[in-house]
Amino acid sequence: MDNIVFNNGKLKFLDQTLLPNEERYIEPKCKEDYFNAIKTLQVRGAPAIGIFAAYAMALIDGDKAELKEYLDSARPTAVNLSWATARMLKAYNDGKELIDEAVEIHNEDIEMCRKISEYGLSLLNDGDGILTHCNAGALATSKYGTGLGPLLLGKEKGYNFKVYTDETRPLLQGARLTSYELEKAGIDVTLICDNMASIVMKQGKINAVLVGADRIAANGDTANKIGTSGVAILAKHYGIPFYVLAPYSTVDFNCKSGDDIVIEERDGDEIKNMFYQKPTALPETKCFNPAFDVTDNELITAIITDKGIVRAPYDKNLKEILND
């Protein structure tokens with residue numbers, strides 16, 4: 001499924017806030033449309049945000065440096081966003097054709113997803129039970145995805161996996177998006193609540209955990225959807241491999257550790273009101289709604305990038321993989 005489509009000079013995107021009940025494509029008209037699409041998670045997933053922002057930089061007239069700063073503020077934790085806008089700004093300053101650069105970023109992402117998926121699949125076996133958290137499939141990228149990529153590619157190659165996907169509160173990406181993608185691909189998927197991850201691990205149903213990342217620090221700490229670090233702690237306890245799959249561009253060498261990652265805090269009404277006919281708590285009840293937490297590198301079995309599979313020590317091997 002194509003979540004971002006550029007054709008005949010026009011861009012349209014699949015509004016992911018409406019899934020799984022409605023598939024609607026929207027054509028953004030102005031910079032505010034692009035900003036709001038990123039901010040409100042109509043377009044989400046680090047690679048997809050980068051692709052979308054690249055097209056915004058190409059299609060929106062005006063001061064490109066100001067446009068970059070404006071778009072970056074929509075999701076400050078997603079390093080692919082600032083990476084893509086920086087690349088587009090450089091292309092503009094170098095006199096390149098911006099739409100060609102945006103299309104190139106899109107095509108590179110497709111190839112990146114394929115490589116990540118192949119590396120990830122090499123670590124799995126036919127029949128494995130897999131736990132996922134949040135959504136890191138084709139909806140979050142361009143094709144295959146990162147965290148879901150090995151599963152989707154494996155299906156094409158005849159692998160049969162038994163997937164358990166956390167619902168991922170409060171935005172329910174696992175329920176609305178991951179289970180949707182896997183069902184569409186014909187993969188055996190069972191939806192569970194976030195707090196059920198421990199019991200399926202204890203029952204021996206999980207052979208590996210696959211998750212995506214929005215930012216990877218230089219030491220291998222990763223910013224993932226809120227709740228991921230808890231899953232990593234459980235995996236460590238039960239001796240289950242915990243794999244982070246993300247494009248190499250997600251590695252931020254200017255960010256030394258997870259302590260330097262800025263955690264986006266979102267509107268508390270997402271906890272109480274979104275996706276519910278009636279509020280789940282009183283109006284005066286306070287909410288704390290961070291979008292991400294940081295998974296310590298010591299909990300990660302391997303980081304799987306389009307450059308290859310990286311294991312500890314990450315502060316050394318994340319750099320050295322470029323020379324392999």
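Modeller: Let us begin with a term: a residue is buried under 20% relative accessible area, exposed over 50% and partly exposed in between, computed with a 1.4 Å probe on protein chains only. This is a predicted model, in which local features need pLDDT of at least 70 and side-chain atom pairs count only at pLDDT 80 or more, while totals for chains, interfaces and linings use all residues. Residues are numbered from 1 along each chain as its sequence is written, and side-chain values use heavy atoms, with hydrogens and water left out.

Colleague: Is Tyr248 buried or exposed?

Modeller: The relative accessibility of Tyr248 is 10%. The limit for burial is under 20%, so Tyr248 counts as buried.

Colleague: Which kind of aromatic pair do Tyr248 and Phe253 form?

Modeller: A pair of aromatic rings is described by the distance of the centres and the angle of the planes. Rings of Phe, Tyr and Trp (its six-membered ring) pair if their centres lie within 6.5 Å; planes under 30 degrees apart are stacked, over 60 edge-to-face and the rest tilted. Phe253, at 33% relative accessibility, is partly exposed. The rings of Tyr248 and Phe253 lie 6.2 Å apart, centre to centre, with 50° between the planes, and the pair is tilted.

Colleague: What is the angle between the planes of Tyr159 and Phe161?

Modeller: Tyr159 is partly exposed, with a relative accessible area of 25%, whereas Phe161 is buried at 6%. Their ring centres are 5.7 Å apart and the pair is stacked, the angle between the planes being 25°.

Colleague: How many aromatic pairs are there by this rule?

Modeller: Ring pairs also link Phe13, Tyr34 and Phe52 into a cluster. By the rule for ring centres, the count of aromatic pairs comes to six.

Colleague: How are helices α2 and α4 oriented to each other, roughly parallel or roughly antiparallel?

Modeller: Helices (H or I, at least four residues) and strands (E, at least two) are DSSP runs, numbered from the N terminus. Axes are lines fitted to C-alpha atoms, for helices over the stretch in contact, and angles run from 0 to 180 degrees between N-to-C directions; under 35 degrees is roughly parallel, over 145 roughly antiparallel, 65 to 115 roughly perpendicular and the rest oblique. Helix α2 (residues 46-59) packs on helix α4 (residues 79-93) at about 30°, with the axes 8 Å apart. The angle therefore makes α2 and α4 roughly parallel.

Colleague: How many charged residues does the contact of α2 with α4 have?

Modeller: Contact means heavy atoms within 4.5 Å. The residues that make it include Ile49, Ala53 and Met57 of α2 and Leu81, Met88 and Leu89 of α4. Ala, Val, Leu, Ile, Met, Phe, Trp, Tyr, Cys and Pro count as nonpolar, Asp, Glu, Lys and Arg as charged, and the others, Gly among them, as polar. The contact of α2 with α4 has 11 nonpolar and three polar residues, and the number of charged residues is none: no charged residues.

Colleague: How is α3 oriented to α4, roughly parallel or roughly antiparallel?

Modeller: The axes of α3 (residues 64-72) and α4 come within 10 Å and cross at roughly 175°. That angle makes α3 and α4 roughly antiparallel.

Colleague: Where is Thr168, which has a positive phi?

Modeller: Most residues other than glycine have a negative phi, and most peptide bonds are trans. Thr168 has a phi of about 70° although it is not a glycine, and Thr168 is buried at 0% relative accessible area. Thr168 is found in the loop between β5 and α7.

Colleague: What is the omega of the cis peptide bond from Arg169 to Pro170?

Modeller: Pro170 has its place in the loop between β5 (162-166) and α7 (173-185). The peptide bond from Arg169 to Pro170 is cis, with omega near -5°.

Colleague: Which strand holds Asp252?

Modeller: Asp252 is buried, with a relative accessible area of 14%. Leaving aside neighbours within four places in sequence, the contacts of Asp252 include Val79 and Arg215. Asp252 is found in residues 251-252, strand β11.
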